[in-house]
Amino acid sequence: MDAIIQIQQLSYSYPDGKEALRNVSLSVEAGEKIGIVGANGAGKSTLLLHLNGILHSDGSVKVAGMECMKQNLGKIRALVGMVFQNPDDQLFSITVYDDVAFGPRYQGLEKEEIDKRVNDSLASVQMDEYADRNPYHLSGGEKKRIAIATVLSMEPKILVLDEPTAGLDPRARRELIELLRTLPQTLLIATHDLDLVDSIAERMIIMKDGLISADGPTKVLLQDKKLLLENGLL
Ligand SMILES: Nc1ncnc2c1ncn2[C@@H]1O[C@H](COP(=O)(O)OP(=O)(O)OP(=O)(O)O)[C@@H](O)[C@H]1O
Ligand SMILES: [Mg+2]
């Protein structure tokens, strides 16, 4: 089967010279659920930001066969839904409803379908009561859940989530894990939550200093205490 994501020899340095990715190559099949782990600063967020062209650098990033370059970004962004590490980067409307409706409206859907998408997405993150609230005035965990809803409402083929459980209370975390487990989409999740990876992802990628230091079955890697220690995960 063709890979839905194909990254070849991707290196990236931030404008201040900080080398954040070094020669990363990665292939993801449609439907795979992958946990990306690694210490603070390992390069996880930087890698994810390449998947819809927010960052761009030497090397090749292909989504559904399309190279991540300007002329393909519209199509690629319709396929890849990205939940940023910081929800303040995701929420910009006056109401929660408008934020969650933004993607479906952009897709040109009918009002009825938009309403349904918004209601279903808010219900998925247990935030159905919040449609009229101002996102700016929510708690950290509430913002995170709304940010996730803004992406679910677009029903993207590929879901990229950066620290989806950070700041969630135990019940919200449990329910999110259950939701992610049942989604049919391809999932890439960067997280420090190894339990989350264990519950959702069959495949785990460990990053260290901008490199992929391990890539294999989650169950196998999680048992390798030496590997986890070396990568700052224990
Ligand atoms: N805007 C930026 N300008 C300069 N350097 C940056 C910038 N953003 C990130 N970095 C650096 O790039 C490296 C990788 O950062 P990145 O955010 O990808 O790490 P991460 O694995 O997501 O970490 P965390 O677990 O803390 O979220 C770090 O050394 C970080 O300091
Ligand atoms: Mg990060």
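Reader: Why is Asp209 called partly exposed?

Author: Asp209 has 15 other C-beta atoms within 10 Å. A residue is buried if 20 or more other C-beta atoms lie within 10 Å of its own, exposed if 12 or fewer, and partly exposed in between, with C-beta atoms placed from the backbone. The count of 15 falls in between, so Asp209 is partly exposed. This is a predicted model, in which local features need pLDDT of at least 70 and side-chain atom pairs count only at pLDDT 80 or more, while totals for chains, interfaces and linings use all residues. Residues are numbered from 1 along each chain as its sequence is written, and chains are lettered from A and ligands numbered from 1 in the order in which they are written.

Reader: Where does Asp209 lie?

Author: In the loop between strand E9 (203-208) and strand E10 (211-217). Strands (E, at least two residues) and helices (H or I, at least four) are DSSP runs, numbered from the N terminus. Asp209 has a positive phi of about 50° although it is not a glycine.

Reader: Which loop holds Ala64, and why is Ala64 called partly exposed?

Author: Ala64 sits in the loop between E4 and E5. Those strands form a hairpin with two residues between them. Ala64 has 17 other C-beta atoms within 10 Å, so it is partly exposed.

Reader: How do you know that E4 and E5 pair?

Author: Two strands pair if DSSP finds at least two bridges between them. Two bridges join E4 to E5, so the pair qualifies. The two strands run antiparallel. Met66 in E5 is the bridge partner of Val63.

Reader: What makes E2 and E5 edge strands?

Author: The open sheet has four strands in the order E2-E1-E4-E5, with antiparallel pairing. Strand E2 (19-29) and strand E5 (66-67) each have a single partner strand, so one side of each is left without a neighbour in the sheet. Seven bridges join strand E1 (residues 3-13) to E2, and Gln6 stands opposite Ser27 in E2. Four bridges join E1 to E4.

Reader: What makes H5 mostly covered?

Author: Of its 13 residues, 11 are buried. Among them are Ile146, Ala149 and Leu152. The buried residues of H5 pack against several elements, including strand E6 (80-83) and strand E7 (158-162).

Reader: What makes a set of residues a nonpolar core?

Author: Its members are buried Ala, Val, Leu, Ile, Met, Phe, Trp, Tyr and Cys residues joined through C-beta atoms within 7 Å. The largest such core has 64 residues; Ile146 and Ala149 are among those that touch the most other members. H5 gives the largest share of this core, six residues.

Reader: Which residues come nearest to ligand 1?

Author: Tyr14, Asn40, Lys44, Ser45 and Thr46, of the 13 residues around ligand 1. A residue is near if its C-beta atom, placed from the backbone, lies within 6 Å of the molecule. Helix H1 (residues 44-48) supplies the largest share of this shell, three residues.

Key. Two residues are in contact if their C-beta atoms, placed from the backbone, lie within 7 Å.
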